[in-house]
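User: I have a model open and want to go through its packing and pairing with you. Can we start with the strands?

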Amino acid sequence: MNKKTERMKEKVKNPINKKALYKEAEKAIVEKIGWYSIVITATEENFEHGTGIPIVYKGKYFIVATRHNITKISPEKLRFHWRLNKPLIVKSVDEIASMPGKVLYRPNWRKLPIKQVLKSSYLADLALLKLDDSVSEDKLAFFDISVDSVRKSIPKTKTILMGYPGKLAKPALAIEKKDKIVNEAVFYYDLSEIIEPQDSLENFDPKIHFLATCDWDSLTKPQGMSGCGFWVWDKGEPDKLWLPKIYLVGIQSGYYPRKKLLKGIRMEILLDMLKAI
């Protein structure tokens, strides 16, 4: 029996479970995206939190956010929370929603040195929080924005979103157990697919925005998800080492509940803002 026949028999004997392999790949991608998904909150109790993306562009540091999330608050009052240097723990929506504890006001979350706030037009609904160069990459991971790290929002593209929807994130923002307050934030991630633009949608411009599918139920409706990224990943090649390389294709900014569609901001808008600084 030659070596080629032996290898073929070994493959038949131990077939690759593609579904399980895909699930493991998905975990690796989510772990990677988790470093670039942060909570944006504030010292004011009635502030509705959002999601942000820490980025670095040509050596300058920013937090990408939506304009509607931060426009009514002064930069000094903004606070942030990002993941600890530990593996993410995946739980079901029902498990998270039933976690014990009450919602607490969290003014003691981390502060970042915001140097300038840059806002797009009202329709584009994008904001950049420019950080002082003294910010440390040791504490916060920044996604490097370049030609090689972004992709266009093309219909039929499958994406992953990760953010902090209110009905899931709020119970976990401050779980109170006995006298100990657990400083954690629970994110939500889901798969979505970019689709063709549609007519007669409010505040939608196909030159600025794109649409994506969404099957979130009322428990996970996206208040708090605004500012999260639409991410795609490198599928890799057969029989070659695969790494969880991710690309940013847009920023989630709106939701059309009747049509169950998400509105995203195209990367061209973000890149134009960055180039103009």
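User: Which way do the residues of β13 point?
Analyst: This is a predicted model. In it, G229, W231 and W233 point one way from β13, while F230 and V232 point the other way. In a regular strand the side chains alternate between the two faces of the sheet.

User: And are they buried or exposed?
Analyst: Both sets are buried. Five of the five residues of β13 are buried, so the strand is largely enclosed by the rest of the structure.

User: What does β13 pair with, starting with β8?
Analyst: β8 and β13 run antiparallel and are joined by two bridges. I160 stands opposite W231 there. β13 also pairs with β14, in the antiparallel sense, over five bridges. In that pairing, F230 stands opposite G250 of β14.

User: OK, cores. How many residues are in the largest nonpolar one?
Analyst: The largest nonpolar core has 35 residues. I55, L128 and I145 are the ones with the most contacts inside it. Elements that each supply at least two of its residues include β2 (50-57), β6 (126-131), β13 (229-233) and α6 (267-276). The largest share, six residues, comes from α6.

User: What does I55 touch, ignoring its neighbours within four places in sequence?
Analyst: I55 is in contact with K60, Y61, F62, V64, L128, F142, F143, I145 and L274.

User: Switching to charges. How many salt bridges does the structure hold?
Analyst: There are three. One is between K77 and E44, with the closest N and O atoms 2.8 Å apart. K77 is in the loop between α3 (67-70) and β4 (78-81), and E44 is in the loop between β1 (38-42) and β2, so the pair ties together parts 33 residues apart in sequence.

User: How accessible is each end, K77 and E44?
Analyst: K77 counts as partly exposed, at 32% relative accessibility. E44 is also partly exposed, with a relative accessible area of 30%.

User: What about D133, what is its partner?
Analyst: D133 forms a salt bridge with K60, and the closest N and O atoms are 3.4 Å apart. D133 is in the loop between β6 and β7 (143-144) and K60 is in strand β3, so this pair links distant parts of the chain, 73 residues apart. D133 is partly exposed at 42% relative accessibility, and K60 is partly exposed with a relative accessible area of 35%.

User: And E193, which residue does it bridge to?
Analyst: E193 forms a salt bridge with K158, the closest N and O atoms being 2.9 Å apart. This pair links E193 in strand β11 (residues 188-195) with K158 in strand β8, 35 residues apart. E193 is partly exposed at 25% relative accessibility, whereas K158 is exposed with a relative accessible area of 51%.

User: Last topic, backbone. What is the phi of K58 near?
Analyst: Phi of K58 is near 50°, a positive value in a residue other than glycine. K58 lies in the loop between β2 and β3, and counts as exposed at 71% relative accessibility.

User: How many bridges hold β5 to β6?
Analyst: Five bridges join strand β5 (residues 114-119) to β6, and the two run antiparallel. The bridge partner of I114 in β6 is L131.

Definitions and conventions
Residues are numbered from 1 along each chain as its sequence is written. This is a predicted model: local features need pLDDT of at least 70, side-chain atom pairs count only at pLDDT 80 or more; totals for chains, interfaces and linings use all residues. Side-chain values use heavy atoms; hydrogens and water are left out. A nonpolar core is a set of buried Ala, Val, Leu, Ile, Met, Phe, Trp, Tyr and Cys residues joined through side-chain atoms within 4.5 Å. Buried means under 20% relative accessible area, exposed over 50%, partly exposed in between (1.4 Å probe, protein chains only). Helices (H or I, at least four residues) and strands (E, at least two) are DSSP runs, numbered from the N terminus. Contact means heavy atoms within 4.5 Å. A salt bridge is a side-chain nitrogen of Lys or Arg within 4 Å of a carboxyl oxygen of Asp or Glu. Two strands pair if DSSP finds at least two bridges between them.
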